[in-house]
Amino acid sequence: MGIADGKRALVIGVANDHSLAWSITQELHRHGAQIALTYQGEALKKRVEPLAQQVGAHIIGELDVTVDEQIESTMVKVKALWGGLDMLVHAVAFAEREDLRDRFLNVSRKNFSRSLEISAYSLVALARAAEPLMEAAGGSILTLTYLGAVRALPNYNVMGVAKAALECTVRYLAQDLGRRKIRVNAISAGPIKTLAARGISGLGDMLRSHAERAPLQRNVEVGEVGSTGVFLASDASSGITGETIYVDCGYNIMGF
Ligand code: NAP
């Protein structure tokens, strides 16, 4: 029996087979969970469909997290499919490429709002929509963050501000939803080459610095993020909520 046996998980943010959401999906599947995936736009549907087949996942349909009607219809489809939900994985973030280089100071009002809406507010909207589906037995909500939320790092810029909002959102959601036995946590992953990460200027330097300075003397592997995701889905983490858990080979603890 897997530790996620029988859990019903909705995973948002699989773009391709490098996505952190895909690693979490694979590990959840390996440990016995049933999975539903969404995709953003027709182009991604073509990439997500073959991945879904590999793990016997249901494709729920298109979900752009800025569109409330799509959030609602996603939950209606999940209810029709399973009657309820045990886990929600939110692995979604966005910043304009121009804002992931040079000076943070230059970010426009419009781009700032958009980054925060997609990367942080979306967790609030999704948690609110998922709450009624988790009411019977409680559940686990998981998001993905990065060290740039709590430290100033070159080029991460507005995404750092969005991740700070996201980590704070995790704490307030945990406070609201705890009485319903719904836990809310974040994994702060070390840098991993994904589609989203490639948009950050100087990603190569970031990866080199992490591998050199982390106590474990290497970069984190995507499967290590996936297996922590399974832990947070499972009853093994039943006492943990509102936390940001670092899966970064220890990089965040170092002063120099
Ligand atoms: P990824 O594979 O590119 O995944 C990012 C996902 O966000 C994509 O599926 C993307 O879809 C989706 N997305 C963006 N805007 C959206 C919207 N409006 N509605 C719905 N989906 C939207 O990259 P990833 O690195 O795995 O990112 C997943 C999460 O991990 C993000 O929160 C990221 O900040 C976080 N994280 C990543 C790292 C890292 O080093 N890779 C480290 C720490 C935390 P589109 O491709 O269609 O935009």
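Helix 4 and helix 5 are roughly parallel to each other (angles under 35 degrees count as such). This is a predicted model, where local features need pLDDT of at least 70 and side-chain atom pairs count only at pLDDT 80 or more, while totals for chains, interfaces and linings use all residues. Residues are numbered from 1 along each chain as its sequence is written, and side-chain values use heavy atoms, without hydrogens and water.

**Exercise 1.** Describe how helix 4 and helix 5 pack.

*Solution.* 
- Start with the general rule: two packed helices are described by the angle between their axes and the distance between the axes.
- Next, take the values. The axes of helix 4 and helix 5 (residues 157-177) come within 8 Å and cross at roughly 20°.
- Finally, list partners. Residues of helix 4 including Leu 116, Ser 119 and Leu 123 meet residues of helix 5 including Ala 162, Leu 166 and Val 170 (contact means heavy atoms within 4.5 Å).

**Exercise 2.** Is Ser 122 buried or exposed, and which side chain does its own side chain contact?

*Solution.* 
- Locate Ser 122: it lies in helix 4 (residues 109-134).
- Check accessibility. Ser 122 counts as buried because its relative accessibility is 0% (buried means under 20% relative accessible area, exposed over 50%, partly exposed in between, with a 1.4 Å probe and protein chains only).
- Find the side-chain partner. The side chain of Ser 122 makes a polar contact with that of His 90, at 2.7 Å.
- Look along the backbone too: the side chain of Ser 122 reaches the backbone oxygen of Ile 118 at 2.6 Å.

Notes:
Helices (H or I, at least four residues) and strands (E, at least two) are DSSP runs, numbered from the N terminus. A polar contact is a pair of N or O atoms within 3.5 Å; within protein, one must be able to donate a hydrogen and the other to accept it, and residues adjacent in sequence count only if both atoms are side-chain atoms. Axes are lines fitted to C-alpha atoms, for helices over the stretch in contact, and angles run from 0 to 180 degrees between N-to-C directions. Angles under 35 degrees count as roughly parallel, over 145 as roughly antiparallel, 65 to 115 as roughly perpendicular and the rest as oblique.
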